[in-house]
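Take a look at the structure shown here.

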Amino acid sequence: MNLYALMFYATAVLIIASTVLAVTRRQAVHSVVFLVVSFLGSAMLFYLLGSPFLAALQVIIYAGAVMVLFLFVIMMLKAEQGEEKGFAKRFWAPGVLAGFLFFAAACVAVFSDPSGTVPLKLNAVTPKEFGRFIFERYWLAVELISLLLFLGLVAGIHLGRDKGRGEEDPE
Amino acid sequence: MIVPYGHVLVLAGIIFCLGLTCVVARRNLIMVLIGVEIMLNGAAVAFMGSGLLWQRLEGQAFVLFILGIAATEVSVGLALILHAYRRSGSVDPDTYSVLKG
């Protein structure tokens, strides 16, 4: 086991542990903070898997912008009583059983395939190569993504307007 | 050189399943949206590993698109949650029962 493999497994343990903590917290703010750790871990994983550019984007967009947006909305909602009704108890056992069966079947499928045990080769891609590739082959998809982001902006502004509330119940 | 491809896929699967658990088991719309984010992150990890296995750049290109889609989805989703909260005063999806017959 070389250094890269060691770093991969350490990062994987970090990601899984922080994601489990994020999923099980009662307070949404705590879970967002654990999720930032998880996304920083996957940024490190992207770096390890050969893309420093996507690692930087993961830190900036996911761990930075998206999580701050979550924190803002949690603060605006002010509905944190911590009395969230859990999942009904009688569904836990079948759910966990089905999850483990699915996981076992997926592991068998992955490792019985010959490509599942091929060790990955290290390969780092510079942002320049990546940008050339994206804008030569996938320029249409990039334009569509930018259109989608614009639509997200419009939808956010439209839904976020306080229209109609003043007429129904003025506070 | 580094780890087998299967280990990356298993890691991606575990992340995805954790997100799915969060979506199904939590009764808070914010946590449901966080679960969707975790699932998208798991898919991105799988794409990264596949791109490295076949030594192609398509995997990384799709990770970039997943990032864009996740950002849009979060902004629209949070706007919808705020809208629903203003209407009903709750973020528990079980209380949205206006259409119930």
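What follows is a set of questions and answers on this predicted model.

Q: What ipTM does the model score?
A: This is a predicted model, so scores come with it. The pTM is 0.87, and the ipTM is 0.89.

Q: What is the mean pLDDT of chain B?
A: pLDDT is the predictor's confidence in each residue, from 0 to 100. In chain B, 98% of the residues reach 70 or more. The mean for chain B is 87.

Q: Over which residues of chain A does pLDDT stay under 50?
A: Chain A has a mean pLDDT of 84, and 88% of its residues reach 70 or more. One stretch stays under 50, and there the model has zero contacts beyond four places in sequence. That stretch is residues 166-171 of chain A.

Q: How many helices are there in chain A?
A: Along the sequence, chain A reads α-α-α-α-α-α-α. It has zero strands. The number of helices is seven.

Q: What percentage of the residues in chain A is buried?
A: A residue is buried if 20 or more other C-beta atoms lie within 10 Å of its own. Chain A has 171 residues. The buried part of chain A is 21%.

Q: What distance separates the centres of domain 1 and domain 2 of chain A?
A: The domain assignment gives domain 1 as residues 1-78 and domain 2 as residues 126-161. Their centres are taken over C-alpha atoms. The separation is 22 Å.

Q: Which residues of chain A are in contact with Val45(B)?
A: Leave aside the neighbours of Val45(B) within four places in sequence. In chain B, its contacts are Val8(B), Leu11(B), Ala12(B) and Ile15(B). In chain A, they are Ser42(A) and Leu45(A).

Q: Which helix supplies the largest share of the side of chain B that touches chain A?
A: The contact takes 63 residues from chain A and 55 residues from chain B. On the chain B side, H1, H2 and H3 each supply at least two residues. The largest share is 21 residues, from H3(B).

Q: How many residues of the side of chain B that touches chain A are nonpolar?
A: This side divides into three classes.

Q: What lies over the buried residues of H1(B)?
A: Among the buried residues of H1(B) are Tyr5(B), Leu11(B), Ile15(B) and Cys22(B). Their cover comes from both chains. It includes H1 and H4 of chain A, together with H2 of chain B.

Q: How many residues of H4(A) are buried?
A: H4(A) has 21 residues, which at 1.5 Å a residue should span 30 Å; its end C-alpha atoms are 30 Å apart, so the two agree. This helix lies largely in the open, because the number of its residues that are buried is zero.

Q: Is Ala22(A) buried or exposed?
A: Ala22(A) lies in helix H1 of chain A. Beyond its neighbours within four places in sequence, it is in contact with Ser31(A), Phe34(A), Leu35(A) and Ser38(A). It has 27 C-beta neighbours inside 10 Å, so Ala22(A) counts as buried.

Q: What is the phi of Gln55(B)?
A: Most residues other than glycine have a negative phi. Gln55(B) is in the loop between H2 and H3 of chain B. It is not a glycine, although its phi is positive, at about 55°.

Terms used:
Residues are numbered from 1 along each chain as its sequence is written. Chains are lettered from A and ligands numbered from 1 in the order in which they are written. This is a predicted model: local features need pLDDT of at least 70, side-chain atom pairs count only at pLDDT 80 or more; totals for chains, interfaces and linings use all residues. Two residues are in contact if their C-beta atoms, placed from the backbone, lie within 7 Å. Helices (H or I, at least four residues) and strands (E, at least two) are DSSP runs, numbered from the N terminus. Ala, Val, Leu, Ile, Met, Phe, Trp, Tyr, Cys and Pro count as nonpolar, Asp, Glu, Lys and Arg as charged, and the others, Gly among them, as polar. A residue is buried if 20 or more other C-beta atoms lie within 10 Å of its own, exposed if 12 or fewer, and partly exposed in between; C-beta atoms are placed from the backbone. Domain bounds come from an automatic or database domain assignment. The expected span of a helix is 1.5 Å times one less than its number of residues.
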